[in-house]
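Please look at the model first.

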Amino acid sequence: MLSLPFVWSDDCLRHEPEAEVWVGVRTAATEVPARALAIREALAEAGAREVTAVVHDDSALLAVHDPALVEFLRTAWGEWSAADLPSDRVVPYVFARSELTGGRAPATPAATWAKPGLFAYDTMTLIGPGTWEAARAAVDVALTAVDLVAGGEPLAYACCRPPGHHVTRSLYGGSCYLNNTAIAATALLARLSGPVAIVDVDAHHGNGTQELFLDRRDVLTASVHVDPGAGWFPHFLGFAAENDEANLNLPLAPGTGDDHWLAAVEQAARFAADARALVVALGVDAAAGDPESPLEVTASGYREAGRILGDLGVPTIVVQEGGYDLATVGPLVVETLTGLAR
Ligand code: SP5
Ligand code: ZN
């Protein structure tokens, strides 16, 4: 019996990316609505209590993200679909790299089809009819979990999608649009005393979260992930060389299983030991059967990771990130939460 609240919004199902443009071709999307439904079903079966997300205003969202990114995401599909373009999803084709304009702010392009290049850093993260509504609902799910914990619940789980940990202040990518984890941590810090720690166990480096809190000492960030130096997303960062007093990257070799992965989770937990509250960025794509990562963590490994993080003994919010094997994503989340809740 899993006795904890989990937050849900039907609107999180409205994002249907269908595809990811990868090396120039459309491949089938992996970040699909069925993920959230599978997790919800496993949670209900385990006895967790569903709480419907409460709509929040934009203040917590705008404390983290550039208003221009938020406005783009809010309006991108409407503008794109009105422009009669050959793609049924918003996708960038030219990128406003800062070196292109000598560090000056790029002009806002007149062409609708050039605008995504101001805010997207990859071609995989498509925008369609319900993308904004789902991404915004995911923020409400995370903020409702914050409300529960600020109100005295020791542990709450945000069953949200699309995920968020790859989004920086102004740039979206990696199947993510708004950084739910970072928004939750910021809101939690405003409600409880700090510092707050974010421990990210998604198989991929939490690059957006790292960049958002780079100069902060009141939000500690730790990430356990497959070594980008071995050829894995986000490729350009996630290395131990980026570590400092408030940021810990623990890159692991492809093929890493429970023993070394759990040692890294323990190291992340020690790093977070002085925090007064915890946000777990829970990707279950480090599991052995996941199609998007080469890590080999088992279900009992995820349960043990939950125990390790639960031993910190501080108010905790768990925010869903990746995890793409529809047959196991639900049970893996339940295992982790069972370890945490004990
Ligand atoms: C939140 C999260 O786990 N995001 C993962 C983003 C990484 N995606 C990288 C995909 C690289 C190529 N995948 C090929 C299969 C495309 N269907
Ligand atoms: Zn991931």
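This is a predicted model: local features need pLDDT of at least 70, side-chain atom pairs count only at pLDDT 80 or more; totals for chains, interfaces and linings use all residues.

Q: Which residue of E4 does Pro5 stand opposite?
A: Strand E4 covers residues 49-52 and pairs with E1 in the parallel sense over four bridges. Within E4, the residue facing Pro5 is Arg49.

Q: Are the residues on the two faces of E1 buried or exposed?
A: Pro5 and Val7 lie on one side of E1, with Phe6 and Trp8 on the other. Both faces are covered, and these four residues are all buried.

Q: Are H1 and H9 parallel or oblique to each other?
A: H1 spans residues 33-46 and H9 spans residues 329-341. Their axes come within 7 Å and cross at roughly 50°. Angles under 35 degrees would count as roughly parallel, and 65 to 115 as roughly perpendicular. The two helices are therefore oblique.

Q: Is the crossing of H1 and H9 left-handed or right-handed, and which residues of H9 make the contact?
A: H1 passes H9 in a right-handed crossing. From H1, the contact uses Arg35, Ala38, Ile39, Ala42, Leu43 and Ala46. From H9 come Val329, Gly330, Pro331, Val333, Val334 and Leu337.

Q: How many residues of the contact of H1 with H9 are nonpolar?
A: One residue of this contact is polar and one is charged. Gly counts as polar and Arg as charged. The nonpolar residues number 10.

Definitions and conventions
Residues are numbered from 1 along each chain as its sequence is written. Chains are lettered from A and ligands numbered from 1 in the order in which they are written. Side-chain values use heavy atoms; hydrogens and water are left out. Axes are lines fitted to C-alpha atoms, for helices over the stretch in contact, and angles run from 0 to 180 degrees between N-to-C directions. Angles under 35 degrees count as roughly parallel, over 145 as roughly antiparallel, 65 to 115 as roughly perpendicular and the rest as oblique. A crossing is left-handed if the near helix is turned anticlockwise from the far one by less than a right angle, and right-handed if clockwise. Contact means heavy atoms within 4.5 Å. Buried means under 20% relative accessible area, exposed over 50%, partly exposed in between (1.4 Å probe, protein chains only). Two strands pair if DSSP finds at least two bridges between them.
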